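The sequence and the coordinates are shown first.

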Amino acid sequence: MPIKSEQPNTCCIQHPDSSIQIPVQQGATDEGDDGDSSQDVSEVIARANAGTTTRLIYDDIAPNMKRNAVPCTAIGCKWRKSGYYVTVPYTISSEYSTNERNFIISTLKSFHRSTCVRFQMRNSWHRDYIHFFSGSGCWSYLGRQGGQQDVSLRRNGCLYTSTVQHEVLHALGFHHEQVRSDRDRYVNILTQNIQSGKESNFRKLGTNNLGTPYDFNSVMHYSKYAFSKNDQPTIVAKSNPNLNFGHARTLSANDIARVNRLYNC
């Protein structure tokens, strides 16, 4: 399987299963994937999730029917912290190739460089863990759910740094930037341009913004034309209607700050 880089990076990480060094890649494609890393994360996810039969809200979040998930981090869906580190156990489906598996691992390791979150291969005593598999699109649950918690990263379509980080941030408890509680101060949502049936993806939520500013550069921010039915903008910045956004290829400084503040790093 070919590996496609979004940005050059020659840094190496330690594979958790052995002593080999793995190059930190910025994007990956599988056989049959068009490998277009220029796609915005919202476009990648929307394309991968088109036609999925999985019930999703906000286009890529699997709902937990047992509780109100917003803000779930206030009612017990944060991952547990022991000492300085927050340990998030995970498993990866055997359906991925070695390159795809290593790419997912290297992207998880990107959180280690700037947060106290540590992703660790699951051991038998870990009750709660994330399971990465190639499902029908790119999606995740919001925050820790308990037991095995699926994150779908379809082999042909979801294996980009921005997309993996986006879904992992959902699993850590974070929602999309454009639905945060104070978004109306920064953007206008042009409902007349939204595809029929996709309006709920823009519903504002009572999020905990952790004292961080609204961030057009967040990997959680969708593009100006997300879910447009007529090639006209669906999200417009109030400060500058011509501003283009939603092109993040990796975690922004504010994405990192939110993880650190939520988990008291």
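## Basis of the description

Burial is given as relative accessible area: buried means under 20%, exposed over 50%, and partly exposed in between, with a 1.4 Å probe and protein chains only. Helices (H or I, at least four residues) and strands (E, at least two) are DSSP runs numbered from the N terminus.

The model is predicted: local features need pLDDT of at least 70 and side-chain atom pairs count only at pLDDT 80 or more, whereas totals for chains, interfaces and linings use all residues. Residues are numbered from 1 along each chain as its sequence is written, and side-chain values use heavy atoms, with hydrogens and water left out.

## Salt bridges

Side chains of opposite charge can pair when their charged atoms come close. A salt bridge is here a side-chain nitrogen of Lys or Arg within 4 Å of a carboxyl oxygen of Asp or Glu. Eleven salt bridges are present in the structure. One of them joins Arg155 to Glu100, with 2.7 Å between the closest N and O atoms. This pair links distant parts of the chain, 55 residues apart: Arg155 belongs to the loop between strand 9 (148–153) and helix 3 (161–172), and Glu100 to helix 2 (residues 98–109).

A salt bridge of 2.6 Å, N to O, connects Asp182 with Arg180. Asp182 is buried at 15% relative accessibility, and Arg180 is buried too, at 3%. Both residues belong to a network of salt bridges that links Glu177, Arg180, Asp182, Asp255 and Arg258. Arg183 pairs with Asp184, the closest N and O atoms lying 2.8 Å apart. Here Arg183 is buried, with a relative accessible area of 8%, and Asp184 is partly exposed, with 35%.

His221 lies in the loop between strand 10 (187–189) and strand 11 (235–237). Is this residue buried or exposed? His221 is buried, with a relative accessible area of 0%. Its side chain makes a polar contact of 2.7 Å with that of Tyr214; such a contact is a pair of N or O atoms within 3.5 Å in which, within protein, one must be able to donate a hydrogen and the other to accept it, and residues adjacent in sequence count only if both atoms are side-chain atoms.

Contact in general means heavy atoms within 4.5 Å. Leaving aside residues up to four places away in sequence, His221 touches Val41, Glu177, Gln178, Tyr214, Asp215, Phe216, Ile235, Phe245 and Gly246. Among these neighbours, Tyr214, Phe216 and Phe245 form one aromatic cluster with Tyr186.

## Aromatic pairs

Rings of Phe, Tyr and Trp (its six-membered ring) pair if their centres lie within 6.5 Å; planes under 30 degrees apart count as stacked, over 60 as edge-to-face and the rest as tilted. The structure contains ten aromatic pairs. The rings of Tyr84 and Tyr85 are edge-to-face because their planes stand at 80°, with the centres 5.1 Å apart. Tyr84 is partly exposed at 47% relative accessibility, as is Tyr85 at 38%.

Phe202 and Phe227 form a further edge-to-face pair, 6.1 Å centre to centre with 90° between the planes. Phe202 and Phe227 both lie in the loop between strand 10 and strand 11, so the pair ties together parts that are 25 residues apart in sequence. Phe202 is buried at 5% relative accessibility, and Phe227 at 8%.

## Helix 1

The buried residues of helix 1 (residues 41–49) are Val41, Ser42, Val44, Ile45, Ala48 and Asn49. Viewed down the helix axis, these residues fall within an arc of 160° and therefore line one face of helix 1; the arc is that of the directions from the helix axis to the C-beta atoms. They pack against strand 8 (138–141) and helix 3. Just after helix 1, Gly51 adopts a positive phi of about 85°.

## Nonpolar cores

A nonpolar core is a set of buried Ala, Val, Leu, Ile, Met, Phe, Trp, Tyr and Cys residues joined through side-chain atoms within 4.5 Å. The largest has 50 residues, and those with the most contacts inside it are Tyr90, Phe119, Ile130, Phe132, Leu153, Leu169 and Leu172. Helix 3 supplies the largest share of this core, five residues.

Ile130 touches Trp79, Val88, Pro89, Tyr90, Thr91, Phe119, Gln149, Val151 and Ala171, not counting residues up to four places away in sequence. A second, separate core has five residues, including Tyr58, Ile61, Leu142 and Val179.
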